[in-house]
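Student: I would like to learn how to read a few backbone and ligand features in a model. Could we take them one at a time?

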Amino acid sequence: MSQPFLPFALPEIGGDEIAEVVDTLRSGWVTTGPKARRFEQDFAAFLGGDEYHCIAVNSATAGLHLALEAAGVGPGDEVITTTWTFTATAEVVRYLGADVKLVDHDPATLNIDPAAVEAAIGPRTKALLPVHYGGLAADMPAILDLARRHGLKVVEDAAHALPTTCGGALVGTLASDATVFSFYANKTITTGEGGMLVTRDAELAKRARVMRLHGMSRDAFDRFTAKVPSWYYEIVAPGFKYNLTDIAAALGIHQLKRAHAFQQRRAAIAARYDELLAGLPLLLPPKPAAGDVHAWHLYPVRLTDEAGVTRERFIEKMFEQGIGCSVHYIPLHLHPYWRERYGLDPAQFPRAQHTYERIASLPIYTRMTDADVERVAAAVRVALGR
Ligand SMILES: *Cc1c(COP(=O)(O)O)cnc(C)c1O
């Protein structure tokens with residue numbers, strides 16, 4: 001017990017990130033400017049080229065809001081998503097005056113269940129909003145097929161999914177309308193706060209860029225004269241203030257270069273946990289399809305009926321041994337706002353409810369040493385009375 005507390009998550013910020021931030025501060029350009037532009041260009045290159053429009057924003061929440069707005073979601077529409085997510089996924093639907101239709105997850109993957117999505121599609125359904133939970137790709141072939149057959153938009157919540165692949169293709173390059181990544185402090189790469197909206201749809205990108213900054217456009221002027229004065233703009237909509245600062249983008253430029261190496265370290269930690277925790281009364285996290293990359297943002301374990309300890313007590317026992325754990329997620333159907341707004345009952349989400357009562361996330365981040373990983377696994381054994 002003399003060991004220091006091992007937090008649930010920590011960012012890894014190196015000398016290159018710090019030097020780039022200092023360079024930004026010295027440059028005099030601290031808000032959105034050349035570094036945000038470079039981060040967007042680097043992100044497009046990371047995904048594979050210029051056909052990806054990358055729009056840097058100050059959070060994934062902002063990016064999801066912009067993506068749904070640009071996809072035409074509005075009052076009277078319904079958007080289908082999973083109860084097994086963070087509230088940001090769903091709240092943006094309400095910003096737009098549309099309604100959220102929550103569905104259950106598939107306990108084999110913890111991702112949204114395409115059969116439940118299909119059953120929930122109705123006349124008001126406008127869009128599907130899958131989440132790549134923990135960094136494991138959702139069943140995108142099934143989701144995209146449903147969208148095609150029913151004429152629906154698809155926006156991916158890829159807050160956990162950099163880098164994740166689905167059928168060998170990076171999330172961000174799939175045939176959805178837009179994909180949104182998060183660079184929040186505890187995500188797989190971080191800019192402190194930040195996000196990236198990615199789309200191959202030039203019109204969607206144009207709308208999102210305008211709405212990212214107050215609904216400001218310089219295009220109208222172009223129609224009448226070749227030369228737009230630097231001071232001229234027009235407001236074409238009541239837009240938002242969702243731009244990413246150059247200070248944050250400076251971090252992102254270098255974090256992105258490390259994204260694959262970070263993933264490899266987290267995958268190695270996950271593999272070591274799998275070895276060390278084998279044989280305990282635990283359901284270990286679902287694995288990716290053969291040949292696919294799991295981003296391993298989370299390492300969630302589920303207590304089986306033989307565990308002999310509640311999830312609450314399990315997490316307490318981990319804390320008593322100096323190890324931070326968390327729960328991803330308290331499903332949306334249990335939160336007062338969502339429960340009351342849509343009259344939800346746990347019986348409507350039996351699988352997510354069952355998962356919720358048994359799940360805990362163990363620490364998984366690049367700054368953990370091999371000894372930290374062994375320490376966590378040993379603490380799990382103790383917490384399970386083994
Ligand atoms: C973190 C997270 C978000 C929101 O990301 P921000 O960048 O903090 O806005 C959205 N969805 C999921 C699933 C998340 O985990």
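Student: Between which two strands is the loop in which Pro163 is found?

Tutor: Pro163 is found in the loop between β5 (153–157) and β6 (165–166), where strands are DSSP runs of E of at least two residues and helices are runs of H or I of at least four, numbered from the N terminus. Bear in mind that this is a predicted model, in which local features need pLDDT of at least 70 and side-chain atom pairs count only at pLDDT 80 or more, while totals for chains, interfaces and linings use all residues. Residues are numbered from 1 along each chain as its sequence is written, and side-chain values use heavy atoms, with hydrogens and water left out.

Student: Which peptide bonds are cis, and what are their omega values?

Tutor: Most peptide bonds are trans, and most residues other than glycine have a negative phi. Here, a cis bond joins Leu162 and Pro163, with omega about -10°, and the bond from His328 to Tyr329 is also cis, with omega near 5°. Tyr329 lies in the loop between α11 (311–320) and α12 (336–342).

Student: What is the phi of Leu110, and where is this residue found?

Tutor: Phi of Leu110 is near 65°, a positive value in a residue other than glycine, and Leu110 is found in the loop between β3 (99–103) and α5 (114–120).

Student: In what order do the strands of the open sheet of 3 strands run?

Tutor: Strands of a sheet pair through backbone hydrogen bonds, either parallel or antiparallel. In this sheet the order is β12-β13-β14 with antiparallel pairing, two strands being paired if DSSP finds at least two bridges between them. The edge strands, each pairing on one side only, are β12 (282–283) and β14 (359–362). Between β12 and β13 (residues 299–303) there are 2 bridges, and Leu282 stands opposite Leu303 in β13.

Student: Which residues come nearest to the ligand?

Tutor: Among the 15 residues around the ligand (a heavy atom within 4 Å), those that come nearest are Thr61, Asp157, His160, Ser182 and Lys187. For polar contacts, look for pairs of N or O atoms within 3.5 Å: an oxygen atom of the ligand is 2.5 Å from a side-chain N or O atom of Thr61, one is 2.7 Å from such an atom of His160, and one is 2.8 Å from a polar backbone atom of Ala60.

Student: How much of the ligand's area does the protein bury?

Tutor: Taken alone, the ligand exposes 380 Å², of which the protein buries 92%, by the Shrake-Rupley method with a 1.4 Å probe. The elements giving two or more residues to the shell around the ligand are α3 (60–70) and α4 (87–95).

Definitions and conventions: A polar contact is a pair of N or O atoms within 3.5 Å; within protein, one must be able to donate a hydrogen and the other to accept it, and residues adjacent in sequence count only if both atoms are side-chain atoms.
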